[in-house]
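Grab a pencil and have a go at these exercises before you read the solutions. Each one has a task, then a walk through the steps.

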Amino acid sequence: MSEKYKTVAYYPGCALEGTGHGYNRSTKAVGKKLGLNLVEVPNWNCCGAMEVKNIDPEIQNYLSARNLGIVAEKMNVDTVMAPCNGCYHNLKKVEHDIAKKPKTQEVVDRLSQKAGHATYQAGQVETIHALDWIKDAIGEDGIRARIKNSLKGLKVANYYGCMYTRPRNIFPEKDQGPGSESTYKPHYMDDLLAAAGAEIVDYPLKTACCGGAHTLADSDTSTKLVLNLLQTAEVCGADIIATECPTCHSGLEMHQVRAETEHGIKTNVKMLYFTQLLGLALGISGRKLGLQENVSDARGLLKEKGLL
Amino acid sequence: MIGVNGMRTMAELEARLLTRDAALTPVALADELLDLCEQILCHWLSHKQVVPTEAKVEGFRLLALHRQGCKGEPSFNACRESCRELAYYYNLLHLEPEHPQITSRMAMARAVAMHLCLFVGGKFEVPELGDDCCSSQALRAGAA
């Protein structure tokens with residue numbers, strides 16, 4: 001095991017305390033099983049998500065900077081891990097904006113002073129995703145060595161969504177050649193789940209749009225996009241779509257139901273967080289991984305495959 | 001959406017993509033999908049009052065059209081990978097038409113083309129599609 005990322009600050013964000021609770025449970029359970037330490041950021045606040053950004057992007061930057069500032073000032077670690085693509089994206093964005101846009105640093109300084117806490121400076125904290133965390137701290141060999149219940153026989157399509165790789169300029173560590181993550185064809189989730197024994201299908205819509213922010217305001221557009229994601233996964237032969245973002249996950253689940261109820265089009269592919277799949281392979285019980293909390297209930301399929 | 005310069009309308013393009021023409025060879029399918037997707041991007045550019053380019057990027061007009069579509073509209077990068085995937089499948093279908101997985105590859109190419117169609121169609125309905133996530137910009141930025 002690499003010492004890098006063995007202990008990281010954990011920023012769960014709001015979705016992991018709500019609709020993505022199964023992701024929260026499984027991330028913590030997998031970390032514990034792998035001997036990795038997650039220390040939750042004390043008194044964390046909203047990352048600004050899209051709601052604040054749409055009112056004032058600089059206020060959203062301040063909110064994300066405050067979280068990074070807590071890690072820099074009050075925690076004895078230099079890395080924060082965010083499993084949610086939206087949180088991860090916003091933390092990376094403020095890091096980029098502070099470094100490149102003087103106005104952002106001015107706003108962050110002014111509001112931090114007003115709120116009575118230290119300001120955040122670019123480069124004090126590294127933000128990583130849950131995929132980076134496990135890939136770099138444990139790696140594929142580390143996963144293979146710890147497998148108790150191989151995912152062999154399970155066909156998985158990996159869906160990364162958009163905010164893990166776009167816009168490319170806020171992820172300078174990606175697209176850096178062999179071994180680094182790709183923004184065009186991300187592969188970290190593929191690598192980890194393949195190491196756990198899963199059969200990864202070639203899925204051409206890994207980062208394709210799901211309607212995202214418009215999932216409620218314009219449901220028909222989102223339902224059409226999601227339905228194509230689901231049907232394509234089935235054409236690829238996937239039993240499961242693995243996700244690494246609570247918003248993507250909820251969107252796929254919700255519009256799978258909506259496609260059936262509103263348009264009469266049923267799809268059978270199931271959605272699971274990649275941490276739930278890794279957890280099963282590591283021998284963690286389905287209950288501890290929060291499988292019962294997913295709208296898309298994969299437990300029957302997993303039983304058929306001998307994984308539960 | 002009305003057809004532009006003799007192109008099929010967006011509805012016609014979507015309908016064509018939904019058609020499963022079993023008689024098409026892999027090469028013919030690749031050619032048709034590329035043509036349909038170029039037309040889709042031309043619709044977007046015409047809507048933005050931009051004259052679609054005839055230039056090519058990496059050998060594909062589709063990629064040049066996509067690059068054109070992103071100018072001043074970074075959220076259009078949400079379909080960058082779909083365009084690149086289509087170019088990838090175009091090459092696969094042309095280079096290995098007898099490949100044992102050709103049926104699957106043809107289905108994947110269709111799925112990618114359909115996603116491009118749905119995304120661009122979605123942008124006509126909701127211009128902010130992709131703003132928050134893919135370009136990290138505020139929705140309704142003008143109003144902020």
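**Exercise 1.** How many residue pairs are in polar contact between domain 1 of chain A and domain 2 of chain A?

*Solution.* Keep in mind that this is a predicted model. Start with the bounds: the domain assignment puts residues 7-129 of chain A in domain 1 and 148-304 in domain 2. Counting across that boundary, with both residues at pLDDT 80 or more, gives 12 residue pairs in polar contact. On the domain 1 side, α1 and α3 (85-100) of chain A each supply at least two of the residues that touch domain 2. Helix α1(A) gives the most to that side, with nine residues.

**Exercise 2.** Work out how many salt bridges link the two domains of chain A, and check one pair.

*Solution.* The count between domain 1 and domain 2 of chain A is two salt bridges. Now for the pair: E173(A) forms a salt bridge with K92(A), and their closest N and O atoms are 3.0 Å apart, inside the 4 Å cut-off.

**Exercise 3.** What area is buried between the two domains of chain A?

*Solution.* The C-alpha centres of domain 1 and domain 2 of chain A lie 24 Å apart. The contact takes 25 residues from domain 1 and 31 residues from domain 2. The buried area comes to about 2300 Å², with carbon and sulfur atoms giving 64% of it.

**Exercise 4.** Do β1(A) and β2(A) pair in the parallel or antiparallel sense, and what links up with them?

*Solution.* Strands β1 (residues 7-10) and β2 (residues 37-40) of chain A pair in the parallel sense over four bridges. For one of these, T7(A) has N37(A) as its bridge partner in β2(A).

Conventions. Residues numbered from 1 in each chain as written. Chains lettered and ligands numbered in written order. Predicted model: local features only at pLDDT ≥ 70, side-chain atom pairs only at ≥ 80, totals over all residues. Heavy atoms only, no water. Pairing = 2+ DSSP bridges. Domains from an automatic or database assignment. Contact = heavy atoms within 4.5 Å. Buried area = accessible area lost by both parts, 1.4 Å probe. Salt bridge = Lys/Arg side-chain N within 4 Å of Asp/Glu carboxyl O. Polar contact = N/O pair within 3.5 Å; in protein donor to acceptor, adjacent residues only side chain to side chain.
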